[in-house]
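Thanks for coming. Please have a look at the model first.

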Amino acid sequence: MQLWDFAALTYYRALDRFSGSLNRLAIDELGLQPGHAVLDIGCGTGALIPALMEAVGPQGRVVAMDFSARMVAVARKRSVWPNVEVRQADACVTDHGAGQFDAAVALGAFSAMPDVPAAIANAADALKPGGRLFVFDVRLAKNTRTTRFMRAAYRAIAGFTGADVVTELKKVFERVEPVFAAEGETTTVVVATKVTETATRSACTPSRPAG
């Protein structure tokens, strides 16, 4: 927790300035429409919130969440719209509400969580049938010198469990599609689609309290 609280006051502010292209890509891939409800998982300092709000409009709904209290505090300051809610919550144990959202986004979030399968299952539960989840994340599945070094560093710095985000997405979502034809050596960008209701309360979904 202290790591992410510190990050909220330091390098995350700098990253916000360079996130425009990724934010636009997420909006485009999700196909957001006015009136949609969208969930921002691991929202950090809320860099994506203004773009999400613009996409869904005043009749839509944006719920953003993060585990870090300082991240949430910064995100709340930039969330000036009445239909935006920023929550401090743990995505691994929080029930977002079954079938409440048309879309969800997780930018660099899942791989840093202590229970990746649970967080992804909770995200699937939250989506309506046909709902889409845009994921940009670290993927260190390849066995190269670079990925071995990054795996060790990420484990030491952020508690990386070694879970592969794409593999876990495919266990829950009926369709997981790469956004780019060629995947990077250390990152992945995919869209997971909940085609039917079958992804809800899947075998991966943990028994957890509402949050």
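In this predicted model, seven strands form an open sheet with mixed pairing, in the order β3-β2-β1-β4-β5-β7-β6. Strands and helices here are DSSP runs, E of at least two residues for strands and H or I of at least four for helices, numbered from the N terminus. Two strands count as paired if DSSP finds at least two bridges between them. The edges are β3, residues 84–88, and β6, residues 175–178; each has a single partner strand, so one side of each has no neighbour in the sheet. On average, neighbouring strands of the sheet are turned by 15 degrees against each other, direction ignored. Axes are lines fitted to C-alpha atoms, for helices over the stretch in contact, and angles between N-to-C directions run from 0 to 180 degrees.

Helix α5, residues 69–77, packs on this sheet and touches β2 (61–66) and β3. The direction of α5 makes about 165 degrees with that of β3. Contact means heavy atoms within 4.5 Å.

Which residues of α5 are buried? They are M71, V72, V74 and A75. Those residues cover an arc of only 165 degrees around the axis, which puts them on the same side of α5. The arc is taken from the directions from the helix axis to the C-beta atoms. Buried means under 20% relative accessible area, exposed over 50%, and partly exposed in between, with a 1.4 Å probe and protein chains only.

Before the side chains, the conventions. Residues are numbered from 1 along each chain as its sequence is written, and side-chain values use heavy atoms, with hydrogens and water left out. Local features need pLDDT of at least 70 and side-chain atom pairs count only at pLDDT 80 or more, while totals for chains, interfaces and linings use all residues.

Back to the sheet, at β1. Strand β1 (residues 37–41) runs parallel to β4 (residues 101–107), and four bridges join the two. I41 has A106 as its bridge partner in β4. Leaving aside neighbours within four places in sequence, I41 also contacts residues including M65, A91, F110, M113 and A123.

I41 is also among the residues with the most contacts inside the largest nonpolar core, along with F110, L133, L169 and F173. That core has 32 residues; a nonpolar core is a set of buried Ala, Val, Leu, Ile, Met, Phe, Trp, Tyr and Cys residues joined through side-chain atoms within 4.5 Å. Elements that each supply at least two of its residues include β1, β2, β4, α6 (116–126) and α8 (165–172). The largest share, six residues, comes from α6. A second, separate core has 24 residues, among them C43, L52, A55 and V105.

On cysteines: C43 is buried at 8% relative accessible area, and C92 is buried at 5%. The disulfide count is zero, a disulfide being a pair of cysteine sulfur atoms within 2.5 Å.

Beyond four places in sequence, E168 contacts V116, P117 and I120. T186 sits in the loop between β6 and β7 and is buried at 17%. With residues up to four places away not counted, T186 touches D137, V138, R139, L140, T146, T147 and M150.

For the chain as a whole, there are eight helices and seven strands, and buried residues make up 50% of the 211 residues.
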